[in-house]
Amino acid sequence: FPAILEQPMPATDSNSVETAILAGGCFWGMEDILRTVPGILDTDVGYCGGGTEAPSYQQVRTGQTGHAESVRIVFDPAVISFAQILEQWFFRMHD
C-alpha cells in the first residue's frame, strides 16, 4: 500500500486488530468519516492498483494511472466487524 502519509501503525497486539483497505472515491473524505467510527483505531491514505510506482495525487486524479484512492483502516473486531464497516459505513459513502 503506497501511502502518501508514512506513519507508524499503533503499537497493539496483532491478534486484537485487523486491517482492511477500502477504495471508494476521495480518500480524504472517506478517511475523515472512518476515523470517527467507534472501533477504528487508525487510518492512512494512499493508492491501490495502477501501473505507476509512487504516483502523485496530480497523476492519479487524471484517471490515467489506473490507481484508486484508498484508505487503510486498522480496527478492533471486538468493537466493530468488517461486515459492519462495509454495511454501515462504506457501502453508504463510496462513489
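Modeller: In this predicted model, helix H3 has twelve residues and reaches 15 Å from its first C-alpha to its last, close to the 16 Å expected at 1.5 Å a residue, where the expected span is 1.5 Å times one less than the number of residues. Helices (H or I, at least four residues) and strands (E, at least two) are DSSP runs, numbered from the N terminus. Residues are numbered from 1 along each chain as its sequence is written, and side-chain values use heavy atoms, with hydrogens and water left out. Local features need pLDDT of at least 70 and side-chain atom pairs count only at pLDDT 80 or more, while totals for chains, interfaces and linings use all residues.

Within H3, Ile-85, Leu-86 and Phe-90 are buried, a term that means under 20% relative accessible area, with exposed meaning over 50% and partly exposed in between (1.4 Å probe, protein chains only). Seen down the axis of H3, the buried residues fall within an arc of 90°, so they line one face of the helix; the arc is that of the directions from the helix axis to the C-beta atoms. The face turned away from this buried side carries the exposed residues Glu-87 and Arg-92. What covers the buried residues of H3 includes E1, H1 and E3, contact meaning heavy atoms within 4.5 Å.

From there the picture widens to the largest nonpolar core, which has 17 residues, and in which Leu-22, Leu-34, Val-71, Ile-73 and Phe-75 touch the most other members. Strand E1 (18-23), helix H1 (27-34), strand E2 (40-49), strand E3 (67-75) and helix H3 (82-93) are the elements that give two or more residues to this core. A nonpolar core is here a set of buried Ala, Val, Leu, Ile, Met, Phe, Trp, Tyr and Cys residues joined through side-chain atoms within 4.5 Å. In soluble globular proteins, nonpolar side chains tend to be buried together.

Strand E3, part of the cover over H3, also holds Ala-68, which at 29% relative accessibility counts as partly exposed. Leaving aside residues up to four places away in sequence, Ala-68 touches Ala-23, Gly-46, Tyr-47 and Cys-48. Ala-68 and Phe-27 are 41 residues apart in sequence, yet 9.0 Å apart in space, C-alpha to C-alpha.

A search of the whole structure finds two salt bridges, each a side-chain nitrogen of Lys or Arg within 4 Å of a carboxyl oxygen of Asp or Glu. One joins the side chains of Arg-72 and Asp-44 (2.8 Å, N to O), and this pair links distant parts of the chain, with Arg-72 in strand E3 and Asp-44 in strand E2, 28 residues apart. Both partners are buried, Arg-72 at 17% relative accessibility and Asp-44 with a relative accessible area of 2%. In the other, the side chains of Glu-31 and Arg-35 meet (3.0 Å, N to O); Glu-31 counts as buried at 4%, whereas Arg-35 is partly exposed at 47%.

Buried residues make up 35% of the 95 residues, and among contacts between residues at least 6 apart in sequence, 69% join residues at least 24 apart.
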